[in-house]
Amino acid sequence: MDPLLIAALLLVATAFAACFGLLIAQLGLQRVFSIAPCLEAAPATDPPDTSLCVVIPAYNEAANIGACLSSVLASDPPCRDWRVLVVDDDSTDATAERARLTAAECEAAEPLFELLGAGPRPSGERWVGKNWACTRAMEQVRSHWVLFIDADVRLQPQALRRALAQAMREQADLFSLAPRLGCGCLAEWMVQPIMASLLGLGFPIEATNDPASEVAFAAGPFMLFRRCAYEAIGGHRALASEVVEDLALARGIKAGGFRLRYLLGLDAVDLRMYADLPSLWEGWTKNWLIGLDRNVAKALGAAAVVVLMFSSPWLLLPSAVVLLRVLPQLSFWWLLLLGLSLLGIGQQLALRFWQQRRFDVPLTNWWLMGAGGLLLGAIGPVSVWRTLTGRGWTWKGRQLG
C-alpha cells in the first residue's frame, strides 16, 4: 500500500478517535450530572441544637486567607454553637497577620474566631500536606461536627447551614461537597475546564454514595465530619504521610462502616486552586499519579487520551490545510481530515457551552483547550517521575518524597 495513503489513514483515524472520545465524554458528563445528588436548599427551620467547628489549615496563604475567612464569618449561623479555627501551619509569609486582620474587620473575636499556630512538625516523623495542621487543630476541637476547608475556598452565605442540615438529616459521618472550579490566570483557563470534565467523568459519585460499594471518594476542599466518626478512624494523625489525604479519609470512613455522602455543591462552594502556571504545574504533578491509584499505565494513558481529545484536532487542522495543497492526489482524505478536525474543535466548544450552562463557567479562552491538552499531556509523565523518584515532588515548596 502507498505509504502516503497509510499516513493519511492514520491521521484520519486519529481525528476520528478524538471526535469519538469527545462524544463519549459529553454523553458521560450529561449522564453523571443528571443523576448526581446535589446539596439541598437551606431549611426553613431554626439552626439545629448542635455544635460545629470550621477548621482552615493554612500554609503560606496570605493571598487567600482573607477572602476565605471573610466568606466563612459571613455565613448564616449553621447551628446554635459554632466557631472558626484558622491553623497557621508554620507559614513564612503574612498568613497569620492577615487572618487576624480579617477577623478584626469582620468583628469576630473568641469564641467565634481563633487563630492557632501549628508549630514545627515533629522531628523524625514524616508529615505531609495539611495533616499536621489538621491534627493540631483537633486537639482543640470538642464540637459534635468538624468541617475542614482549604484556604482557597469561598463559601456562599448559606453553604454551612445547608451542608450541616443535610448531613444531619441523612445521618452522614462524612459529608463532602464537590466545589465549582474557578479560573483566573491563563494557565487555569487552559487546564481547569478540562480537569473539571475529567473529574466529573473519572470519579464515581454514584458508587461512592452506595453503602454496599467499596468505592470511596471525597473532595478535600470541603469535608464535614461527625467528630466521633473522624476520631474512630484515627483522623489525620493516622495518615500523616498520605499526600492525598482526602481519599484516604473517605476510604477509612467507608471501611469503618460509617456513612459517606459525596454531593455536588457547585452553587455553594467555589474553589480557585492556582494563582499562576508554576503553582498549577506543582499541584497537578503532585496529584495526577496518586489520583489515578498510583497506576503508572493508567496515569500515562490518561495523559495520552487528553492530548488525543483536546490537542490533536487543533494540530491536525493546519496539517490538513497544508497537505491538501501539497498532496492534492489524496484530497479526499485530507478533506475528511479537515472536516473531522473542525468537528473536534466544535465539540470542544460545545463542551464549554455545556459547562457554561450547567456550571456558569464562562467561555473565556475556550480556544486554548488544545494548548491545555498539551500541558496536561506533559503533567502526566512528570507526575509519574516525580512521585516515583521523589525528585521535585513538592507542595508550596515543601518536599513530599
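Visitor: In which sense do strand 7 and strand 10 pair, and over how many bridges?

Guide: Strands of a sheet pair through backbone hydrogen bonds, either parallel or antiparallel. In this predicted model, strand 10 (residues 269–271) and strand 7 pair in the parallel sense, over two bridges.

Visitor: Which residue of strand 10 stands opposite Leu181?

Guide: That residue is Leu271; Leu181 stands opposite it.

Visitor: How many strands form this open sheet, and in what order?

Guide: Three strands form the sheet, and their order is 5-10-7. The pairing in this open sheet is mixed.

Visitor: Let us turn to the backbone. Is the peptide bond from Glu110 to Pro111 cis or trans?

Guide: One reads this from the angle omega: for the bond from Glu110 to Pro111 omega is near 10 degrees, and the bond is cis. As for its setting, Pro111 lies in the loop that runs between helix 3 (95–105) and strand 3 (113–117).

Visitor: What is the phi of Asp293, and where is Asp293 found?

Guide: Asp293 has a positive phi, about 60 degrees, although it is not a glycine. Its place is the loop between helix 10 (277–291) and helix 11 (296–326).

Visitor: What can be said of the phi of Arg294?

Guide: Arg294 is likewise not a glycine, yet its phi is positive, at about 60 degrees. Arg294 too is found in the loop between helix 10 and helix 11.

Visitor: Which residues line the largest cavity?

Guide: A lining is read first by its residues and then by their classes. The residues here are Lys130, Phe148, Gly220, Met223, His236, Glu245 and Leu249. By class, three residues of this lining are nonpolar, two are polar and two are charged.

Key: Residues are numbered from 1 along each chain as its sequence is written. This is a predicted model: local features need pLDDT of at least 70, side-chain atom pairs count only at pLDDT 80 or more; totals for chains, interfaces and linings use all residues. Side-chain values use heavy atoms; hydrogens and water are left out. On a 1 Å grid over the protein atoms alone, a cavity is a set of points where a 1.4 Å probe fits but cannot get out, and a pocket is an open set with protein on both sides within 12 Å along at least five of seven lines; lining residues have an atom within 4 Å of a point. Ala, Val, Leu, Ile, Met, Phe, Trp, Tyr, Cys and Pro count as nonpolar, Asp, Glu, Lys and Arg as charged, and the others, Gly among them, as polar. Helices (H or I, at least four residues) and strands (E, at least two) are DSSP runs, numbered from the N terminus. Two strands pair if DSSP finds at least two bridges between them.
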